[in-house]
Amino acid sequence: MTPPTSGVALPATMRAWRLHEWGSGPRLDRIPVPRPGPGELLLKVDAAGLCHSDLHIMDSPEGRLPYTLPFTLGHEVVGTVVAVGDRADENRVGLTYAVHGVWSCGECRKCRSGRDNYCVRLEGAIGGGIGRDGGLADYMLVPAARHLVSVDPTTGSALAPLTDAGLTAYHAVQSQPATVRGSVVVVIGIGGLGHLALQVLRSRSPEVVVAVDPRESARALATELGADHAVASVGEAAEVVDRLAAGTGADLVFDFVGAQETVAEGARMLGTGGGLTVVGSAGGALTVDKQGAVPRGWRVSAPFWGPHADLAAVLALAAEGEIVSVVEERTMDEVPAAYEDLRHGRASGRLVVVPGTDPSAA
């Protein structure tokens, strides 16, 4: 095999937060720095976002997820290429990229049609940080350049959450078959995804947006980001929608919580031809049928992440200042405490780990 082309001298080892046991937190390991094989690229990690999906993975009992332990967490990654393998473009060395988290095959019918987030060959591990080694480390190996989107290296850590939270929120809005313009829209949960969805919606001219979150600070942020009304509960939201729409219901409900109450009340808020999009994973369930309580013409969807093209669109919006992710930076040593803050809702934005310089690199 041809030795990798490298723009820097690579250390022998690196830090990596790896999951070793189901139902437990990750462990900080020192492992060899991977060397890229044919078509692969090695990134020096500039920033890696922490996500509730990480908590779901860690908390899972053995046998629930089709992943082999151990692996490195971190699926929201921005990094700079420092080495490439044979058959990869060495001109990418020194350039900074956001990493698309769905490592699709690039060849199946879904990938060819631009729906690579629904790749039919994607079984078991989804991508870096979700079954395969991710970016909560000093370096990350990416299997192909098609998983990368070029970004401005001066934009900082705020881009990392856009690879998941921003992309997922954008795709949730983008995938609605009905136009948002002139619609009555409800956004439930103004957290890491919801605050980005509000920014995406802002450019699509809804008639009115009702934001729902029990936290006063989140409601204040929602108002700042363009929500016309911000209330503390889905019950209050239903009353506001009933008043504003004169009893005709909401056109679109985006549920970034996904609890039983939010899913059920979100469905009840819909008007004729309305759509409920469930993004949150808090265990809610909904039964629908043609003759049931949901108004005629209902749509219920649960979009997954987003395609590569949507990630490029999200990052373009960010470059134009149309989308801004609120972040809190943490160091590699602060990862356990950061995950606890995430678990207990103590973070005011998306948590992003900036690895910095490894003091023990060898």
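**Entry 1: Glu76**

I looked up the contacts of Glu76, counting heavy atoms within 4.5 Å as contact. Leaving aside residues up to four places away in sequence, Glu76 touches Ala47, Ala48, Gly49, Leu50, Cys51, Ala160, Pro161, Thr163, Asp164, Ala165 and Arg350. The model is predicted, with pLDDT of at least 70 needed for local features and 80 or more for side-chain atom pairs, while totals for chains, interfaces and linings use all residues. I number residues from 1 along each chain as its sequence is written, and side-chain values use heavy atoms, with hydrogens and water left out.

I then checked burial, where buried means under 20% relative accessible area, exposed over 50%, and partly exposed in between (1.4 Å probe, protein chains only). Glu76 counts as buried because its relative accessibility is 0%.

I found a polar contact at 2.5 Å between the side chains of Glu76 and Arg350. Such a contact is a pair of N or O atoms within 3.5 Å; within protein, one must be able to donate a hydrogen and the other to accept it, and residues adjacent in sequence count only if both atoms are side-chain atoms.

**Entry 2: strand β4**

I noted that Glu76 lies in strand β6; strands are DSSP runs (E, at least two residues), numbered from the N terminus. Strands pair if DSSP finds at least two bridges between them. I traced β6 (residues 76–84) to β4, its antiparallel partner over 8 bridges, with Val45 opposite Gly79.

I also found β4 antiparallel to β10 (residues 139–142) over 4 bridges, and Leu42 has Leu141 as its bridge partner there. Strand β19 (residues 350–353) is joined to β4 by 2 bridges, again antiparallel; Ala48 is partnered by Val353.

I recorded that 7 of the 9 residues of β4 (residues 41–49) are buried, so the strand is largely enclosed by the rest of the structure.
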